[in-house]
Amino acid sequence: ALALPRKLQPYKEDRLGFGWGLLAFLIPLAGWIMYFCWREDTPKRAGNAGLIGTISFILNLLTTIVCY
């Protein structure tokens, strides 16, 4: 593949938007999938999506344990 010089590469914003964060919180598996898809191109965005997915999973697990 043809690699563009650093100055000509398109800018990718490396922050997680609200909608993606909400999706990662409501569906933890989606957060983990976003992490593995984005980890090389946008590592901060990927880390945030994975972290939100993990926190959501733990909260769901704790809620389930406490309720039963």
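Trainee: So buried means under 20% relative accessible area, exposed means over 50%, and partly exposed is in between. Which class does E13 fall in?

Mentor: E13 counts as partly exposed, because its relative accessibility is 39%. Keep in mind that this is a predicted model.

Trainee: Noted! Which residue does E13 form a salt bridge with?

Mentor: Its partner is R15, and the closest N and O atoms of the two are 3.7 Å apart.

Trainee: How many salt bridges does the structure hold?

Mentor: The count is 1.

Trainee: OK, new topic: cysteines. How many disulfides turn up?

Mentor: A search of the whole structure gives 0.

Trainee: What about C37, buried or exposed?

Mentor: C37 counts as exposed because its relative accessibility is 56%. C67 is also classed as exposed, as its value is 58%.

Trainee: Now the greasy side. Which residues make up the nonpolar patch on the surface?

Mentor: Among them are F18, W20, L22, I33, L51 and L59. Together, the patch residues have about 1,200 Å² of accessible area. The elements giving two or more residues are α1 (18-26), α2 (28-38) and α3 (43-67).

Trainee: Which of them gives the most?

Mentor: That would be α1, with 6 residues.

Trainee: Let's switch to rings. How many aromatic pairs are there?

Mentor: The count comes to 3. One of them is Y35 with F36, an edge-to-face pair.

Trainee: What numbers go with that pair?

Mentor: The centres are 4.9 Å apart, with 75° between the planes. The edge-to-face label follows because it applies to planes over 60 degrees apart.

Trainee: Last one: what sits over the ring of W38?

Mentor: The charged end of R45 does, 4.8 Å from the ring centre.

Definitions and conventions:
Residues are numbered from 1 along each chain as its sequence is written. This is a predicted model: local features need pLDDT of at least 70, side-chain atom pairs count only at pLDDT 80 or more; totals for chains, interfaces and linings use all residues. Side-chain values use heavy atoms; hydrogens and water are left out. Patches are made of residues with over 30% relative accessible area and no salt bridge: like charges are joined within 9 Å, nonpolar side chains (Val, Leu, Ile, Met, Phe, Trp, Tyr) within 5 Å. Accessible areas come from the Shrake-Rupley method with a 1.4 Å probe; for residues, only the protein chains shown count as cover. A salt bridge is a side-chain nitrogen of Lys or Arg within 4 Å of a carboxyl oxygen of Asp or Glu. Helices (H or I, at least four residues) and strands (E, at least two) are DSSP runs, numbered from the N terminus. A disulfide is a pair of cysteine sulfur atoms within 2.5 Å. Buried means under 20% relative accessible area, exposed over 50%, partly exposed in between (1.4 Å probe, protein chains only). Rings of Phe, Tyr and Trp (its six-membered ring) pair if their centres lie within 6.5 Å; planes under 30 degrees apart count as stacked, over 60 as edge-to-face and the rest as tilted. A charge sits over a ring if NZ of Lys or CZ of Arg is within 6 Å of the ring centre and within 35 degrees of the ring normal.
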